[in-house]
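Subject: Structure handover

Hello,

Here is the structure for you to look through. My notes follow below it.

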Amino acid sequence: MILQRRQTIHTTKNPSECAQIISGSILKGDTNLLSKYEARAQPNQRLRPAFGIDNAFTTDHSERHKEYRNKVGTMLRPDWNMVASAAKRLAKNECPKNLVNLVQSFVLKMTINVLFRHDFPSLDDESISLVASEINDIWIGSKLPRHIVPWSKQDRLHDALRLLVPNRDPLDPQRNAMNFILPAFETMWRIVLRCFIEVRYRGAEETEEWIAALKLFLENPTVRLEDSHEGASEIEKAISIVREALRLYPPTRHIHRHFRFASGSSILAIADIEGLHRDTAIWGFDADCFRPSRWANMRHEPEPFNAWMPFGSSPFLCPAKPDFGPRMIGILVAALVDAFSDVRYELNVRDPRGQKESAKFYGLLRSDRDSYKELFLEKVDRRCR
Ligand code: HEM
């Protein structure tokens with residue numbers, strides 16, 4: 001009989017301990033025998049067979065890590081005016097339908113265009129839907145190793161990827177477009193979905209104000225907070241909406257590291273980013289509320305008490321943190337709001353028999369990857385379309 005050794009798990013939402021776990025070097029005063037790359041790569045190994053990738057998340061080689069990171073750095077400098085106008089156009093072209101499918105397809109089109117196809121061609125809808133939904137299903141399935149279908153057998157996905165991103169062989173682990181699509185799309189579609197719902201469908205008093213701020217941001221996508229100009233306070237409001245959504249719904253809810261100590265013991269340490277971001281001791285009694293105004297006057301101190309870590313922290317800080325991530329989320333949410341803020345669009349819950357009722361949300365939105373499949377964005381008067 002094979003006895004499986006149980007792994008000790010340590011979880012924390014303390015900000016400095018989270019940062020220490022992420023660094024992968026020391027835990028509770030004990031030095032990790034694994035390198036920081038090994039500490040990070042081990043919990044991510046399931047992604048290799050599942051997606052056929054070899055990137056900063058899965059490698060324990062410092063050189064491969066550096067090479068991949070540098071490559072990503074060069075990919076995250078788009079022409080923001082082009083991005084904003086493409087987002088506006090693409091969001092308007094999306095037919096009202098299942099909300100998760102709509103957001104996934106819109107965000108994936110934008111991700112592929114920004115990372116690989118800089119002239120923003122139209123992309124094949126069927127391939128986009130297939131890649132978007134498969135990424136989600138494979139990710140969820142990969143949590144149980146016996147559910148992993150080897151990447152080499154995902155023929156339909158390979159064909160779709162070859163069509164969407166030519167010149168990148170999906171069967172070459174270092175060239176596979178998934179190396180770049182995964183970290184970008186996987187994080188962005190979920191935050192865009194939740195931010196869109198918070199802004200547009202919670203019935204907050206500030207709804208109109210938020211919509212106006214986001215629309216202004218869409219018209220001025222290159223603006224920086226440091227630049228003072230006419231609509232500065234509106235732009236600041238748009239940035240606060242993004243920061244607040246990333247606080248309440250960090251796409252990377254937990255960051256895992258392996259630790260092995262000289263004593264022979266080993267620990268899977270978990271930085272509970274979601275717990276940290278909702279801690280009332282740090283954020284106050286209304287930590288669970290979407291309140292972008294809490295970020296007002298935090299222009300120069302955007303990370304109170306180092307307790308805002310949606311993009312992780314050193315030495316593996318996300319390269320999208322300084323500019324690309326927040327700006328892209330703002331543009332994508334603004335484009336959806338712009339396309340669907342018309343009163344003729346309503347958000348309904350449809351049950352399996354097709355019965356519908358108006359969607360209502362209470363408290364925090366759900367954070368799981370397979371939430372909200374029952375939501376449908378629909379035109380009120382079908383004769384209008
Ligand atoms: C916009 C929402 C995004 C969020 C919330 C986010 C979040 C994160 C987090 C939490 C980490 C740290 C993971 C860890 O320590 O194990 C990370 C790392 C990383 N992210 Fe992002 N990310 C976002 C967008 C992107 C995009 C658009 C890209 C572009 C491809 C990207 C590329 C990376 C890379 C390459 C790393 C690894 C950095 C390293 O190992 O040095 N991320 N991201």
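Helix α9 gives the largest share of the shell around the ligand, five residues. Helices and strands here are DSSP runs (H or I, at least four residues, for helices; E, at least two, for strands), numbered from the N terminus. This is a predicted model: local features need pLDDT of at least 70, side-chain atom pairs count only at pLDDT 80 or more, and totals for chains, interfaces and linings use all residues. Residues are numbered from 1 along each chain as its sequence is written, and side-chain values use heavy atoms, with hydrogens and water left out.

**The ligand shell**

In total, 28 residues surround the ligand. The closest are R40, H65, R69, R257 and C318. Four elements each supply at least two shell residues: α4 (62-75), α9 (178-201), β4 (254-260) and α14 (324-340). By type, the shell divides into 20 nonpolar, five polar and three charged residues.

**Arginines and iron**

Which residue donates to the iron atom of the ligand? The single donor from the protein is C318, through SG, 2.3 Å away. Donors are N, O and S atoms within 2.8 Å of the metal (3.2 Å for Na, K and Ca); water is not among the atoms, so sites may look incomplete. C318 sits in the loop between α13 (280-283) and α14. P315 lies in that loop between α13 and α14 too. A cis peptide bond joins S314 to P315, with omega about 5°.

**A three-strand sheet**

Three strands form an open antiparallel sheet, in the order β7-β6-β8. β7 (356-358) and β8 (375-379) stand at the edges with a single partner strand each, so one side of each has no neighbour in the sheet. The twist averages 45° from one strand to the next; axes are lines fitted to C-alpha atoms, for helices over the stretch in contact, and angles run from 0 to 180 degrees between N-to-C directions. Two strands pair if DSSP finds at least two bridges between them. β6 (residues 345-350) pairs with β7 over three bridges, and V349 has E357 as its bridge partner in β7. β6 pairs with β8 over five bridges; there, the partner of Y345 is K379. Four of the five residues of β8 are buried. Buried means under 20% relative accessible area, exposed over 50%, partly exposed in between (1.4 Å probe, protein chains only).

K28 counts as exposed, at 60% relative accessibility. Y372 counts as buried, at 4%.

Best wishes

Note on methods:
A residue is near a molecule or strand if one of its heavy atoms lies within 4 Å of it. Ala, Val, Leu, Ile, Met, Phe, Trp, Tyr, Cys and Pro count as nonpolar, Asp, Glu, Lys and Arg as charged, and the others, Gly among them, as polar.
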